[in-house]
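Hi,

Here is the structure I promised to pass on. Have a look at it first, then read my notes below.

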Amino acid sequence: MLQPPSDPSLLQLRCFLAIVETASFAEAGRRLGLSASVVSKTMARLEAAYGVKLLHRSTHAVSPTDEGLALIEPARAAARALAEVAQVLDHSGERSGGTVRLTAPVAFMRHCLVPSLPALRRQHPDIRFDLRASNELLDLAEHGVDLAIRTGPLDGVPGHVQVLWFACPWVVCAAPRYLRDRALPETPTDFASHDLIGFRASEDGLVRAWTFRDPETAMRVRTVPDPIAVFDDGETGWRAALDGLGIARAPLFLAAEALREGRVVELLRPRRDDDMPVSILRRDTRLTPARVESVIAFLRRQPPSLRID
């Protein structure tokens with residue numbers, strides 16, 4: 001089955017009109033800032049797409065055919081309309097209001113972003129939010145998302161700009177009820193005699209390792225826990241630790257409130273490993289609307305509180 005041709009582009013219409021008005025591929029190219037060969041190829045594609053000859057070409061002259069003459073006024077009207085569309089889109093980015101679509105991991109959305117929304121709304125009452133809690137890194141352009149909050153190293157995501165927001169340590173914690181009548185671990189090897197709660201990553205199905213930093217040598221110590229329970233959702237595993245099931249490792253943004261309230265105790269604090277980066281991802285900066293810039297600026301001024309004492 002033959003495929004219908006795609007609609008003429010603004011470039012094709014502008015090339016056609018410039019050729020008609022200047023009677024020259026070279027002059028049309030100079031007017032548009034293009035080479036004569038680009039103008040010629042653009043017109044050839046337009047004619048081929050519709051199977052119609054729009055221009056008479058000779059060594060010394062270019063003139064429209066009957067079909068070309070019939071196209072001039074509709075092409076001018078369409079080119080004006082498309083130019084107005086482009087102008088509206090260009091100026092729409094200057095508006096401070098509108099909807100900002102944002103995605104973040106489920107736990108981060110619940111514990112960090114949602115609590116900040118009232119203050120953000122007070123500062124920017126003309127902004128609305130479309131929030132998508134997902135542990136998967138979405139392609140922002142494909143899903144129509146403005147911003148993504150992601151944790152850990154990203155190693156560069158094609159087509160996106162990464163801005164470091166804040167750094168967050170991992171903490172190893174247990175509820176007082178679990179630690180009652182048990183010896184506190186002093187080194188990672190002491191975990192062998194404790195009930196551990198593990199996290200299984202969906203990417204590879206492996207239980208995530210715990211890492212520590214030796215306070216004397218600064219060397220990193222890596223251990224894979226032998227858990228009595230494994231969860232594929234970090235927040236659910238953390239809830240199990242709060243209920244006294246065992247020892248769990250979690251990012252401080254998830255554990256901070258429970259630590260402040262004494263519902264859990266941090267273990268091996270002097271052996272905390274390097275902080276985990278939390279980043280804001282957006283599409284190309286040149287395409288960032290004012291409302292998105294406002295949200296980024298607010299978030300960077302007010303990172304989640306990691307205070308625990």
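How many salt bridges does the count come to? With a salt bridge taken as a side-chain nitrogen of Lys or Arg within 4 Å of a carboxyl oxygen of Asp or Glu, the count comes to 15.

Before the details, some housekeeping. This is a predicted model, so to speak of local features we need pLDDT of at least 70, side-chain atom pairs count only at pLDDT 80 or more, and totals for chains, interfaces and linings use all residues. Residues are numbered from 1 along each chain as its sequence is written, and side-chain values use heavy atoms, with hydrogens and water left out.

The overall picture

The chain has 10 helices and 14 strands; these are DSSP runs numbered from the N terminus, helices being H or I with at least four residues and strands E with at least two. Of the 309 residues, 40% are buried. Buried here means under 20% relative accessible area, exposed means over 50%, and partly exposed is in between, using a 1.4 Å probe and protein chains only. Taking contacts (heavy atoms within 4.5 Å) between residues at least 6 apart in sequence, 71% join residues at least 24 apart.

Salt bridges

As a reminder, side chains of opposite charge can pair when their charged atoms come close.

- Arg30 and Glu27 form a salt bridge with an N to O distance of 2.5 Å. Both sit in helix α2 (residues 25-32), 3 residues apart, or about one turn of the helix. Arg30 is exposed at 58% relative accessible area, while Glu27 is partly exposed at 36%.
- Arg220 and Asp273 meet at 3.1 Å, N to O. Arg220 is partly exposed, with 48% relative accessibility, but Asp273 is buried at 10%.
- Arg282 pairs with Glu293, and their closest N and O atoms are 3.1 Å apart. Here strand β14, which holds Arg282, is linked to helix α10, which holds Glu293; the two residues are 11 apart. Arg282 is buried at 12% relative accessibility, and Glu293 is partly exposed at 29%.

There is also a network: salt bridges with shared partners join Arg213, Arg220, Asp273 and Asp274.

Helix packing

Two packed helices are described by the angle between their axes and the distance between the axes. For helix α5 (residues 106-123) and helix α10 (residues 290-301), the angle is about 120 degrees and the axes are 11 Å apart. Axes are lines fitted to C-alpha atoms, for helices over the stretch in contact, and angles run from 0 to 180 degrees between N-to-C directions. α5 and α10 are therefore oblique to each other, given that angles under 35 degrees count as roughly parallel, over 145 as roughly antiparallel, 65 to 115 as roughly perpendicular and the rest as oblique.

Which residues make the contact? From α5 there are Leu113, Ser116, Ala119, Leu120 and Gln123, and from α10 there are Val295, Phe298, Leu299 and Arg301. They divide into 6 nonpolar, 2 polar and 1 charged, where nonpolar covers Ala, Val, Leu, Ile, Met, Phe, Trp, Tyr, Cys and Pro, charged covers Asp, Glu, Lys and Arg, and polar covers the others, Gly among them.

Val106 also lies in α5 and is partly exposed at 23%. Leaving aside residues up to four places away in sequence, Val106 touches Ala133, Ser134 and Asn135. Its C-alpha atom is 9.1 Å from that of Gly234, 128 residues away along the chain.

Most residues other than glycine have a negative phi. Asp181 has a positive one, near 65 degrees; this residue is in the loop between α7 (176-179) and β8 (197-199) and is exposed at 80%. Ala218, also not a glycine, has a positive phi of about 65 degrees. Ala218 is in the loop between β9 (210-213) and β10 and counts as partly exposed at 45%.

Cheers
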